[in-house]
Amino acid sequence: MPIRKVMKANEAAAWAAKLAKPKVIAAFPITPSTLVPEKISEFVADGELDAEFIKVESEHSAISACVGASAAGVRTFTATASQGLALMHEILFIAAGMRLPIVIAVGNRALSAPINIWNDWQDTISERDTGWLQFYAENNQEALDLILIAYKVAENEKVLLPAMVGFDAFILTHTVEPVEIPDQELVDEFLGEYEPKYAYLDPARPVTQGTLAFPAHYMEARYTVWEANENARKVIDEAFAEFEKKFGRKYQKIEEYRTDDAEIIFVTMGSLAGTVKEYVDHLREQGIKVGVAKMTVYRPFPIEEVRALAKKAKVLALLEKNVTFSVGGALFQDFSRALINESEKPKIVDFILGLGGRDVTFKDLDEALAIAQKALNGEAVDEVNWIGLRKEIL
Amino acid sequence: MAESPFKADIERVQKEYSEKMTPGAIAVIPGSSVINKTGSWRVFMPEFNRDKCVRCYLCYIYCPEPAIYLDEENYPVFDYDYCKGCGVCANECPTDAIIMVRETK
């Protein structure tokens, strides 16, 4: 029987790692994800998890150790956030290019400067071009489930890409919620043993990994990463379906809530989706036709699902906790790319809010709604709007 | 120059080396270094004077590549496909049998 425990998302991530049975975990503690390696080191010390826990001196080393272990042919895990993920940056490309199915739990946190330990998505968003798959959790249960799903997808022969699962700093990492811990046997059935097909060390089968590629081969090697990302779309759907069958919890790349007759659809990710669902319920009581779409999968970008979503709404209001300078938010860019050649498309209005842990309140969402309603009525609005900005101190 | 003792290996790898891209660009057949020559960026090359050589093998031992092997009479033979012109051999040679000269075409 699955057990229910009250825990933080950090602990949920550690539990997910325990259930997935990685052989090597290398991690460096960083706020707000420190508890993940702490909890895992407890599991290892208590003999509950048979794995090598490598204490490293930086995140760059942590991911490097994971790359080494994964290249040797075992399942690996690490956790980080913010500057830690940024310090991993160059190795993230290597992990994806070498097609190593490493999984990282990321406590989504703002990037310096100024130093800020609270939540936004700038850390993982900044790594969107590394080739890694990206999942975003709305609550602690999703943090656990998506890590298991991430392994399932990453290790698929058609994908073989590393994956990161983001959950919001403090809003989830340090907040307790009831979480269902699935049965070990079921997880074993779901994930199976990791059997590397190409990338593993065997003296009887010497190979060279992380090779040098001259201009004659580099482009093709990069294309295979592109292709793997494309393949991941289908594999993710299959993994979601199998997860639902085994564990009873349903996931979709884009989860829609009250969108069927909505004129304005808010699009968001992570824990903010929970807030916006509440907000939408509140608006529906007043007869305002709004809905929410939650991006569970951000990379590969679910282009088809976005196009289907766009057919339902007159205005897509993107609520983003990240900035792509001079453009708006990253979602704005991606949605524009997905819809630019569509003959009929909704208006896309971008909102940047909640950076660095700023609370997103109903008042802020009212502000966004007012602008979205203007756009709905055909009035001119800015494409990018900073919500809750304290103009008086600027 | 004497024929490389790795000729058979080179031919085998050239024959077997797959042109297909593997996931992660893994080189699945070992020994790709025998077809990818690494001596092309040399500026100085070792020039060998057989008359001065006392067959002490220091050059053979010190060559970091190793691009020096020994012929049947135990004289050093330089493999210019892999020699990067570092000059360690010339530096170690006690009899100045090896001197570094500028590479010319």
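The legends below describe several close-up views of a predicted model. In this predicted model, local features need pLDDT of at least 70 and side-chain atom pairs count only at pLDDT 80 or more, while totals for chains, interfaces and linings use all residues. Residues are numbered from 1 along each chain as its sequence is written, chains are lettered from A and ligands numbered from 1 in the order in which they are written, and side-chain values use heavy atoms, with hydrogens and water left out.

**View 1. Chain B and its secondary structure.** Chain B contains three helices and four strands, where helices (H or I, at least four residues) and strands (E, at least two) are DSSP runs numbered from the N terminus. Of the 105 residues in chain B, 32% are buried; buried means under 20% relative accessible area, exposed means over 50%, and partly exposed lies in between, with a 1.4 Å probe and protein chains only.

**View 2. A nonpolar patch on the surface of chain B.** B:Tyr57, B:Tyr60, B:Ile61 and B:Tyr62 together form a nonpolar surface patch with about 400 Å² of accessible area. Such patches are made of residues with over 30% relative accessible area and no salt bridge, with like charges joined within 9 Å and nonpolar side chains (Val, Leu, Ile, Met, Phe, Trp, Tyr) joined within 5 Å. A salt bridge here is a side-chain nitrogen of Lys or Arg within 4 Å of a carboxyl oxygen of Asp or Glu, and accessible areas come from the Shrake-Rupley method with a 1.4 Å probe, where for residues only the protein chains shown count as cover.

View 3. On a 1 Å grid over the protein atoms alone, a pocket is an open set of points with protein on both sides within 12 Å along at least five of seven lines, a cavity is a set of points where a 1.4 Å probe fits but cannot get out, and lining residues have an atom within 4 Å of a point. Grid points are joined across faces, edges and corners, and a volume is the space filled by probe spheres set on the points. Helices α8 (215–247), α10 (303–312) and α11 (330–339) of chain A each supply at least two residues of the lining of the second largest pocket, and α8(A) gives the most, with six residues. Six nonpolar, four polar and nine charged residues make up this lining, where Ala, Val, Leu, Ile, Met, Phe, Trp, Tyr, Cys and Pro count as nonpolar, Asp, Glu, Lys and Arg as charged, and the others, Gly among them, as polar.

**View 4. The cavities.** There are two cavities of 30 Å³ or more. The largest cavity holds about 100 Å³ of space, and of the 16 residues that line the largest cavity, B:Cys53, B:Cys56, B:Tyr57, B:Cys59 and B:Cys93 are the closest to its centre. The lining of the largest cavity divides into 13 nonpolar, two polar and one charged residue. The second largest cavity has a volume of about 40 Å³, and its lining includes A:Met98, A:Arg99 and A:Leu160 as well as B:Pro23 and B:Gly24. Seven nonpolar, one polar and two charged residues line the second largest cavity.

**View 5. Residues with a positive phi.** A:Arg99 is not a glycine, yet its phi is positive, near 60°. This residue, A:Arg99, lies in the loop between α4 (82–97) and β5 of chain A, and A:Arg99 counts as buried because its relative accessible area is 8%. B:Asp96, also not a glycine, has a positive phi of about 55° and sits in the loop between α3 (88–92) and β4 (98–102) of chain B. With a relative accessible area of 48%, B:Asp96 is partly exposed.

**View 6. Two cis peptide bonds.** The bond that joins A:Ser112 and A:Ala113 is cis, with omega about -10°, and A:Ala113 is in the loop between β5 (103–108) and α5 (122–125) of chain A. The peptide bond from B:Glu65 to B:Pro66 is cis, with omega near -10°, and B:Pro66 is in the loop between α2 and β2 (68–70) of chain B.
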